[in-house]
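This report looks at an annotated set of residues and at the packing of several helices. Please keep the sequence and the model in view while reading.

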Amino acid sequence: MGIVAGIGVLLPFPFYYLLWTYPQSWVNLCGKGRDPSKVMALVSHFIKLIQFVSLFSGSSFSWPPPLYFWPLFAFGQFLNFRVYQLLGESGTYYGVRFGKNIPWVREFPFGFIKDPQYVGSIMSLVACLSWVPFQYILLWSLGYLFMIHIESAEDVTTRAKPLS
């Protein structure tokens, strides 16, 4: 596995870690009048693009995909879509850490699957195993497992205070 591709696959996780651990720094960096969740979403999408380019650099595509691809990919994307649908951009992009009030959600998949957005993403990655080398899938999945661990323990006192 190429070092550059490996770095590209892991690129978002230090960013997410820093935002989760030091949310006030991000709010201050975004400045007054800018939504830190919106800015995080924009930066995350750019980093995700680099991550996908890194993933595709070592991939070899063939058609049709194996049968396991369809249920894994479809359910994984369903979980991701459902999380975004229920929480919105602020809920998905650390709004709680940036001092926003996000309503508590109990609908499926919450309450049934712990960290459904990460489970869905890992399922979608595993679905692509026939095209993408195992090392990339493993590295990316370990990044998600790292974030599950980091986000499982939130210190409420470290939440950011909105800029007035």
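In which segment does aspartate 155 lie? In this predicted model, aspartate 155 lies in the segment after α7, the helix that covers residues 134-151. With a relative accessibility of 41%, aspartate 155 counts as partly exposed, because that class takes in values between the 20% limit for buried and the 50% limit for exposed.

**The annotated positions**

Aspartate 155 also belongs to a set taken from a record: an unreviewed UniProt entry places the feature "binding site" at Ala74, Phe75, Gly76, Glu154 and Asp155. These positions span 82 residues in sequence, and the farthest two C-alpha atoms are 34.3 Å apart, so the set does not all gather at one spot. From this set, Glu154 is taken in by the lining of the largest pocket. Alanine 74, another member of the annotated set, is found in helix α5, which runs over residues 69-92. At 46% relative accessibility, alanine 74 counts as partly exposed.

**Packing against helix α4**

The table gives the geometry for two helix pairs that involve α4, the helix of residues 36-57.

| Helix pair | Angle between axes | Distance between axes |
|---|---|---|
| α3 (residues 23-30) and α4 (residues 36-57) | about 90 degrees | 9 Å |
| α2 (residues 12-21) and α4 | about 160 degrees | 10 Å |

Helices α3 and α4 are therefore roughly perpendicular to each other. On the α3 side the contact is made by Trp26, Val27 and Cys30, and on the α4 side by Pro36, Val39, Met40 and Val43. Sorted by class, this contact of α3 with α4 has 7 nonpolar residues, with no polar and no charged ones.

Helices α2 and α4, by their angle, are therefore roughly antiparallel to each other. Here Pro12, Phe13, Phe15, Tyr16 and Leu19 in α2 meet Met40, Val43, Ser44, Ile47, Lys48 and Gln51 in α4. The contact of α2 with α4 has 8 nonpolar, 2 polar and 1 charged residues.

When neighbours within four places in sequence are left aside, serine 44 is in contact with Phe15, Tyr16 and Tyr93.

Notes
Residues are numbered from 1 along each chain as its sequence is written. This is a predicted model: local features need pLDDT of at least 70, side-chain atom pairs count only at pLDDT 80 or more; totals for chains, interfaces and linings use all residues. Side-chain values use heavy atoms; hydrogens and water are left out. UniProt positions are given in the numbering used here, feature names are shortened, and annotations may be inferred rather than shown by experiment. On a 1 Å grid over the protein atoms alone, a cavity is a set of points where a 1.4 Å probe fits but cannot get out, and a pocket is an open set with protein on both sides within 12 Å along at least five of seven lines; lining residues have an atom within 4 Å of a point. Helices (H or I, at least four residues) and strands (E, at least two) are DSSP runs, numbered from the N terminus. Buried means under 20% relative accessible area, exposed over 50%, partly exposed in between (1.4 Å probe, protein chains only). Axes are lines fitted to C-alpha atoms, for helices over the stretch in contact, and angles run from 0 to 180 degrees between N-to-C directions. Angles under 35 degrees count as roughly parallel, over 145 as roughly antiparallel, 65 to 115 as roughly perpendicular and the rest as oblique. Contact means heavy atoms within 4.5 Å. Ala, Val, Leu, Ile, Met, Phe, Trp, Tyr, Cys and Pro count as nonpolar, Asp, Glu, Lys and Arg as charged, and the others, Gly among them, as polar.
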